[in-house]
There are 2 protein chains.
Amino acid sequence: MRALVYRNARLVLDRTYPMPALVDGEALIRVTHAGICNTDLEIVRGYMGFQGVLGHEFVGVVEEIYGDVAQERYGHLVGKRVVGEINAACYRPDCWYCQRGAPTHCPHRTTLGIVNRDGAFADHLMLPVENVHPVPDNVSDEEAVFVEPLAANFEILEQVHVKPTDSVVVLGDGKMGQLAAQVMGLVSCEVMMVGKYSEKLILAEKRGVHTYLLDDAERFVLEIGRRVDLVIECSGSAQGLEMALRLVRARGTLILKSTVSEKSLLYLAPIVIDEIRVQGSRCGPFAPALKALSQKLVDVRPLISSCYKLDEGLTAYKHTLQKGVVKLPVQV
Amino acid sequence: MRALVYRNARLVLDRTYPMPALVDGEALIRVTHAGICNTDLEIVRGYMGFQGVLGHEFVGVVEEIYGDVAQERYGHLVGKRVVGEINAACYRPDCWYCQRGAPTHCPHRTTLGIVNRDGAFADHLMLPVENVHPVPDNVSDEEAVFVEPLAANFEILEQVHVKPTDSVVVLGDGKMGQLAAQVMGLVSCEVMMVGKYSEKLILAEKRGVHTYLLDDAERFVLEIGRRVDLVIECSGSAQGLEMALRLVRARGTLILKSTVSEKSLLYLAPIVIDEIRVQGSRCGPFAPALKALSQKLVDVRPLISSCYKLDEGLTAYKHTLQKGVVKLPVQV
């Protein structure tokens with residue numbers, strides 16, 4: 001099959017990549033669309049030391065389910081349009097995380113296109129049947145590609161009680177920042193965004209978000225002051241983290257969404273003195289994300305920059321690295 | 001009056017220091033005992049840029065209350081043995097923190113012996129009447145000195161839901177570490193401590209805490225693994241923070257208690273990937289601390305190394321800097 005593969009520090013389009021190994025309890029999925037994520041770009045910079053097929057945001061069609069038990073319980077999924085949770089957990093009886101409803105933290109997990117499992121920029125992929133979610137008919141393929149990162153932003157509402165009277169600042173105007181702003185907006189609280197690109201900020205403005213260019217950040221910080229209840233760091237820069245600590249109020253919360261590979265020099269005393277909660281946040285629940293898309297609570301369509309065939313995958317990667325590109329699905 | 005004063009980068013015993021200015025709504029307290037805290041030592045190293053009388057852990061007797069309203073409402077405190085909350089808030093109607101039950105975060109606050117208010121190593125101090133708490137008869141002066149740091153550890157139970165089935169590691173065997181271990185032990189959960197000094201660790205051992213010498217820390221980390229629900233960082237060292245992140249489980253909590261003046265180089269990706277909560281923690285509620293002492297739920301007496309007269313204050317400071325000293329009240 002065709003696959004966009006990262007190996008030996010190079011990204012290549014392999015037209016003769018082997019089909020995924022068929023495993024009991026897993027579904028073989030024919031990928032129809034996949035999205036490029038910042039993590040993919042980080043992997044190409046050496047993050048996680050991953051080698052293999054990239055990509056973890058996708059929509060596809062279940063072609064087959066392997067194993068008698070899985071077939072019996074999940075046979076109805078064959079032929080269905082689906083998205084899939086990216087962490088494949090062990091679910092062993094002696095796994096602390098799996099047995100406590102936290103399979104995304106299973107220490108034995110593989111992760112689609114990130115850790116020990118080939119990803120979605122290929123004709124086919126395999127995922128455990130438990131990870132697979134049918135996509136409602138009124139959600140297009142292009143929209144469904146956003147389910148994974150959208151779920152990661154619903155994770156914030158799982159972790160922190162965000163109140164309608166809260167003020168929220170999103171740092172970063174990329175895909176994660178845009179989705180964070182939309183999800184926080186559902187609580188009807190005050191949402192602000194600081195970003196680098198006016199063409200991205202305008203997308204958030206249209207959703208009622210007050211936006212500020214990073215060039216004006218100093219003025220913004222002085223104007224707003226340390227009064228923000230929740231700061232969501234999606235910029236992935238050391239500068240973002242520093243700004244976050246200048247905005248968040250005492251006893252406020254700072255959500256860390258970016259996984260960056262470098263160490264950051266942090267002055268911790270203000271976190272202690274002001275009793276700040278710094279909360280790491282990663283993958284989230286798919287069901288609310290699918291519901292939000294189906295109910296049109298969020299609108300991801302303006303976030304799509306362009307669409308490429310898998311054969312043009314390398315060009316798509318180069319495009320993503322350009323300024324102003326929020327997100328682009330790669331059509332297989 | 002006599003006062004132990006930090007000024008022009010020197011700690012001096014001043015026998016002709018002026019009495020505190022008498023302010024409406026405040027109580028004049030004659031100090032009977034005061035404790036030396038790590039923050040006092042940090043101040044002498046330049047932390048907070050404070051100049052003035054040091055000390056914020058004390059017990060004393062109310063001599064007078066100033067202002068008609070205060071006298072009417074708090075007149076019964078005159079002659080009483082009291083401890084005092086150290087943050088003097090503004091309580092203005094337009095103060096966000098004061099009006100939301102968070103006076104310890106009032107941006108206009110002064111802090112006894114730390115920010116813009118002379119402290120407890122003196123014959124007298126002044127504090128707002130709202131900050132003053134009578135000490136139950138069955139709590140000695142020596143014990144009462146521990147109310148402030150004990151309250152700071154009850155703050156952890158205000159911030160985080162610590163469960164009886166949780167495992168807790170306290171990093172640091174000093175006063176804060178000892179009090180943290182005792183307070184966490186009240187929940188009857190598994191408590192472990194890593195510290196530098198066997199003579200301090202033995203104090204925790206006697207309270208049912210499993211203790212480990214820092215020299216064996218590598219073995220401890222490998223043995224325990226990343227399974228700890230709650231790590232409380234009281235060591236104040238960069239090494240402690242790194243160890244904390246190697247012990248805390250995914251979705252676990254790391255409490256930061258130490259205020260250190262340097263920046264720390266932190267690798268943030270694990271906090272995101274493992275969705276760790278890093279929670280700064282400072283001052284806490286006095287009432288539960290007083291109750292715990294009165295009910296003998298905690299025992300601070302073994303934590304007292306020695307007792308000095310105020311005239312010997314400089315010697316007391318030198319003693320505190322020695323190895324194995326947990327805590328020493330200075331008798332005025």
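Student: What makes about 3,600 Å² the area buried between chain A and chain B?

Tutor: Buried area is the accessible area (1.4 Å probe) that two parts lose on being put together, summed over both. For chain A and chain B that comes to about 3,600 Å², with carbon and sulfur atoms giving 58%. On the chain A side, Val272(A), Ile273(A) and Glu275(A) lose the most area, together 17% of what that side buries. Keep in mind that this is a predicted model: local features need pLDDT of at least 70, and side-chain atom pairs count only at pLDDT 80 or more, while totals for chains, interfaces and linings use all residues. Side-chain values use heavy atoms, with hydrogens and water left out.

Student: How many residues does the contact take from each chain?

Tutor: It takes 44 from chain A and 44 from chain B. Contact here means heavy atoms within 4.5 Å.

Student: What does the salt bridge of Asp311(A) and Arg2(A) tie together?

Tutor: That one has an N to O distance of 3.0 Å. Asp311(A) sits in the loop between β18 (308-309) and α11 (313-320) of chain A, and Arg2(A) in the segment before β1 (3-7), so the pair ties together parts that are 309 residues apart in sequence.

Student: How do you know whether α4(A) is roughly perpendicular or oblique to α10(A)?

Tutor: Check the angle: the axes of α4 (residues 147-159) and α10 (residues 286-294) of chain A come within 8 Å and cross at roughly 110 degrees. Angles under 35 degrees count as roughly parallel, over 145 as roughly antiparallel, 65 to 115 as roughly perpendicular and the rest as oblique. So α4(A) is roughly perpendicular to α10(A). Among the residues in contact are Phe154(A) of α4(A) and Leu290(A) of α10(A).

Student: And why is α4(B) called oblique to α5(B)?

Tutor: The axes of α4 (residues 147-159) and α5 (residues 175-185) of chain B come within 9 Å and cross at roughly 50 degrees. That angle makes α4(B) oblique to α5(B). Residues that meet there include Leu150(B) in α4(B) and Leu179(B) in α5(B).

How values were computed: Residues numbered from 1 in each chain as written. Chains lettered and ligands numbered in written order. Axes fitted to C-alpha atoms, helices over the stretch in contact; angles between N-to-C directions. Helix = DSSP H or I, 4+ residues; strand = E, 2+ residues; numbered from the N terminus. Salt bridge = Lys/Arg side-chain N within 4 Å of Asp/Glu carboxyl O.
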